[in-house]
Amino acid sequence: MKALIVSDVHSNLEAFTTVIEDADRLGGFDEIWSLGDLVGYGPDPGAVVDLLREYPHQAIAGNHDLASVGKLSLEAFNPYAAAANTWTAGVLDEDRRQYLVGQPLTLEIDEFTLAHGSPRDPIWEYVISVRAAIASFNHFETYWCLVGHSHVPFICRPDAQRGAVFMSPPLGGSFDLGEERLIINPGSVGQPRDGDPSASYAMYDSVEKTVSHRRVIYDISATQDKMRLHGLPDFLIDRLAQGR
Ligand code: ZN
């Protein structure tokens, strides 16, 4: 079984479409696992929800999904994110809204726990520090854990001396999951923040027991044009080209 692992698509239809085409070209997949923040920031929330639902999939909610359906206050978001979530809430129809409302905060599939932020706090916590990583390892029962939220791809493993170690995933190759517990972030499809503006995703192969991280260039200016048309904040438009 192969699972296409995506996170933080953020209503970016061009990026999501390009990722699916790339995964198809490289051998295909059986289902999609979405780690949350399908919507928010970008111009195509409804179409992104629809595209995911065309495939067999498993999906959890992220903080932007919850805010866009009224399950989380906008007060905790910065003004740009809040503006985009307000716009998103206004354009989602009831069917797509109900789909997002029904998403759980965590899921266990195979040997994986899925959580948007962290297994300790799926809504808000970022796994970006050794301290957060150590706490995270104590909050899931499965062998491996998949998170998103930071928009930065990584593989993190426990370390006897330092507590935990973050590694940049190998690009163009696969990572052997081996016998260690791991926390893995596929990066963001729709708004990467690691300095590389190309869409980031990962593929899990349950037979080979590997995860492969991949990057793919998409039509950023097409997404930006639509964001301008809808009056979404310039800050959010500009950052797509910078990958920040
Ligand atoms: Zn996000």
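Q: Which protein atoms are the donors of the zinc ion?
A: This is a predicted model, and in it the zinc ion has D8 (OD), H10 (NE2), D37 (OD) and H151 (NE2) as its protein donors. They lie 2.1 to 2.5 Å from the ion.

Q: And what's the geometry of that zinc site?
A: Irregular: the angles among its 4 donor atoms run from 86 to 173°.

Q: How are the donor residues spaced in sequence?
A: The pattern reads D-x1-H-x26-D-x113-H.

Q: Are H10 and D37 buried or exposed?
A: H10 is at 1% relative accessibility, so it counts as buried. D37 is also at 1%, so that one counts as buried too.

Q: What about the backbone at H10, is phi positive or negative?
A: Positive, at about 50°, although H10 is not a glycine. Most residues other than glycine have a negative phi.

Q: Which other non-glycine residue has a positive phi, of about 55°?
A: K209. You'll find K209 in the loop between strand 11 (199-205) and strand 12 (210-216). It has 36% relative accessibility, so K209 counts as partly exposed.

Q: Back to the loop between strand 1 and helix 1. What does S11 touch there?
A: Not counting residues up to four places away in sequence, S11 touches L38, V39, G40, G42, P43, D44, P45 and V48. S11 counts as buried because its relative accessibility is 0%.

Q: OK, helices now. How do helix 1 and helix 2 cross?
A: Their axes come within 9 Å and cross at roughly 20°. That's under 35 degrees, so helix 1 is roughly parallel to helix 2. The crossing of helix 1 and helix 2 is left-handed.

Q: Which residues meet in that helix 1 and helix 2 pair?
A: On helix 1 they are L13, F16, T17 and I20, and on helix 2 they are A47, V48, L51 and L52.

Q: T18 is in helix 1 as well. What is T18 in contact with?
A: Leaving aside its neighbours within four places in sequence, T18 is in contact with V216, I217 and Y218. With 18% relative accessibility, T18 counts as buried, because the cut-off for buried is under 20%.

Q: Now the other end of the numbering. How do helix 7 and helix 8 run, parallel or antiparallel?
A: Roughly antiparallel. The axes of helix 7 (residues 220-229) and helix 8 (residues 234-242) cross at roughly 175° and come within 9 Å. Helix 7 makes the contact with I220, T223, Q224, M227 and R228, while helix 8 uses L236, I237, D238, L240 and A241.

Q: Last one, helix 6. Which residues are buried there, and what covers them?
A: In helix 6 (residues 130-137), the buried ones are A132, A133, A135, S136 and F137. Their cover includes strand 7 (154-159), strand 8 (163-167) and strand 10 (182-185).

Conventions:
Residues numbered from 1 in each chain as written. Predicted model: local features only at pLDDT ≥ 70, side-chain atom pairs only at ≥ 80, totals over all residues. Heavy atoms only, no water. Donors = N, O, S within 2.8 Å, 3.2 Å for Na, K, Ca; no water. Tetrahedral: all angles 85-135°; square planar, octahedral: opposite > 155°, others 65-115°. Buried < 20%, exposed > 50% of the residue type's maximum accessible area, 1.4 Å probe, protein only. Axes fitted to C-alpha atoms, helices over the stretch in contact; angles between N-to-C directions. Helix = DSSP H or I, 4+ residues; strand = E, 2+ residues; numbered from the N terminus. Parallel < 35°, antiparallel > 145°, perpendicular 65-115°, else oblique. Left-handed = near helix turned anticlockwise from the far one by under 90°. Contact = heavy atoms within 4.5 Å.
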